[in-house]
Amino acid sequence: MRYVERLPAADLASCIQCLWELEGYGSALAEPIFPDGRIEVVVHLADRPRQRGAADLQPRAMLVGQMLAATRLDPVAHMHAFGVRFTPIGARAWLDLPLNELTGRIEDAGSVCGASARLCCAIEQATNSRERFTAAESAVRAMLRRPPAPADAIGRAVAVIERSAGMLAVDMVALAAGLGVRQMERRFLEHVGITPKALARIVRFQRALRGLRAGAPAAAVAAACGFADQPHLAREFRRFAGLAARDVDLEHVAFLQDAPGGPATHS
């Protein structure tokens with residue numbers, strides 16, 4: 001499997017987490033795709049996969065909302081996909097709809113809004129990887145309603161959650177952001193798509209995944225990531241993944257966030 005991530009141009013860094021391209025055959029993406037606290041646009045350039053248990057194939061061009069559970073895909077002969085992964089606060093600056101309307105959903109990009117349809121069209125019309133990365137950035141840049149503001153209250157709250165590795169209490173996050181807890185939760189649903197607590201849990205889960213993939217003992221990972229104990233980590237893993245960590249080939253987990261915003265190349 002070939003998987004390449006690239007950082008966006010500097011002027012899009014507050015909006016786009018990364019751009020990626022994946023190509024593989026047969027069992028590519030056999031492992032679960034875990035929640036990562038981001039919204040994505042994905043275009044299938046070869047065979048369209050089917051989510052496990054679903055009747056229909058995924059759309060050719062799709063908008064993927066915030067996910068709170070793992071996604072599994074049935075194998076296809078040739079998997080080739082290109083994606084734009086937005087920052088937690090980036091998608092709202094580009095999409096003119098409350099992001100909680102997309103949570104837990106994978107939608108045909110053309111049926112959601114013109115912005116997602118135009119981005120997917122730009123990707124599909126490119127003829128090689130270099131053109132796809134360039135076209136995707138240009139399309140997002142052209143359609144930004146306003147650049148996201150990391151310094152505003154929700155941007156500050158997201159930054160606090162990520163800096164604390166998801167271990168800071170929600171009321172302390174609200175205090176750092178200068179908001180009341182209920183006000184922050186309402187604005188998170190609109191601008192991020194999930195609650196602050198859900199984002200914190202995903203950040204903590206992703207950190208635990210990195211520790212387990214690095215070979216650290218589960219008890220040590222649980223302690224480092226703020227879980228009460230190893231059984232607490234096991235329950236959280238099963239809640240997000242739908243299965244126990246021992247049943248996942250962590251070396252081949254798709255789209256594991258190696259570091260927030262960090263580029264990675266996997267083969």
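Predicted model: local features only at pLDDT ≥ 70, side-chain atom pairs only at ≥ 80, totals over all residues.

Colleague: Which element gives the most residues to the largest nonpolar core?

Modeller: Happy to start there! That core has 37 residues, and F34, F188 and F237 touch the most other members. The elements giving two or more residues to this core are α4, α5, α6, α7, α8 and α9. With 9 residues, the one that gives the most is α7.

Colleague: How many residues are in the other core, which lies apart from it?

Modeller: Among the members of that other core are L12, V41, F133 and M143. Its size in residues is 31.

Colleague: Are the rings of F82 and F133 stacked or edge-to-face?

Modeller: Both F82 and F133 are buried. F82 sits in strand β5 and F133 in helix α3, so their pair ties together parts 51 residues apart in sequence. The ring centres are 5.0 Å apart and the planes stand at 70 degrees; as an angle over 60 counts as such, the pair is edge-to-face.

Colleague: What is the angle between the planes of F205 and F237?

Modeller: These two are buried as well, and they link helix α7 to helix α9 across 32 residues. Ring pairs also join them with F34 and F240 in a cluster. For the F205 and F237 pair, which is edge-to-face with centres 5.5 Å apart, the planes are at 65 degrees.

Methods. Residues numbered from 1 in each chain as written. Heavy atoms only, no water. Core = buried A, V, L, I, M, F, W, Y, C linked by side-chain atoms within 4.5 Å. Buried < 20%, exposed > 50% of the residue type's maximum accessible area, 1.4 Å probe, protein only. Helix = DSSP H or I, 4+ residues; strand = E, 2+ residues; numbered from the N terminus. Phe/Tyr/Trp six-rings, centres within 6.5 Å; stacked < 30°, edge-to-face > 60°.
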